[in-house]
Amino acid sequence: DGLDTAYIGYIERHNEPRVAVYDAEKCIQVFMDRDDMSYEEAQEWFFFNVAGAYVGEQTPAYLFKDDEPISP
């Protein structure tokens, strides 16, 4: 889905499948760069279409750092 540059690793939980982890702000930056979106447009797209999507038990997780903006 074009977010390879935002991939930062995976998490592993007891008796659960590994789940890919992406940096949320890097995902938003990808949309800004690739799709020529403003920060607000990219943030809305990310929260609705990416972070808000469930794609099965291996749905990725998204890291939000304390010093970064949060969901609108």
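I took helices (H or I, at least four residues) and strands (E, at least two) as DSSP runs, numbered from the N terminus. The model is a predicted one, in which local features need pLDDT of at least 70, side-chain atom pairs count only at pLDDT 80 or more, and totals for chains, interfaces and linings use all residues. Residues are numbered from 1 along each chain as its sequence is written, and side-chain values use heavy atoms, with hydrogens and water left out.

**Fold.** I found 2 helices and 3 strands in the protein. Their order along the sequence is β-β-α-α-β. The radius of gyration is 12 Å, close to the 11 Å from the globule rule for 72 residues, so the protein is as compact as a globular protein of that length. That radius is taken over C-alpha atoms, and the rule is 2.2 Å times the number of residues to the power 0.38.

**Burial.** I counted a residue as buried under 20% relative accessible area, exposed over 50%, and partly exposed in between (1.4 Å probe, protein chains only). Of the 72 residues, 31% are buried.

**Helix H1.** I looked up residues 24-35, a helix of 12 residues reaching 16 Å from first C-alpha to last, close to the 16 Å expected at 1.5 Å a residue; the expected span is 1.5 Å times one less than the number of residues. Which residues of H1 are buried? I noted Ala-24, Glu-25, Cys-27, Ile-28, Val-30 and Phe-31. The buried residues of H1 pack against strand E2 (19-23), helix H2 (39-50) and strand E3 (61-63), where contact means heavy atoms within 4.5 Å.
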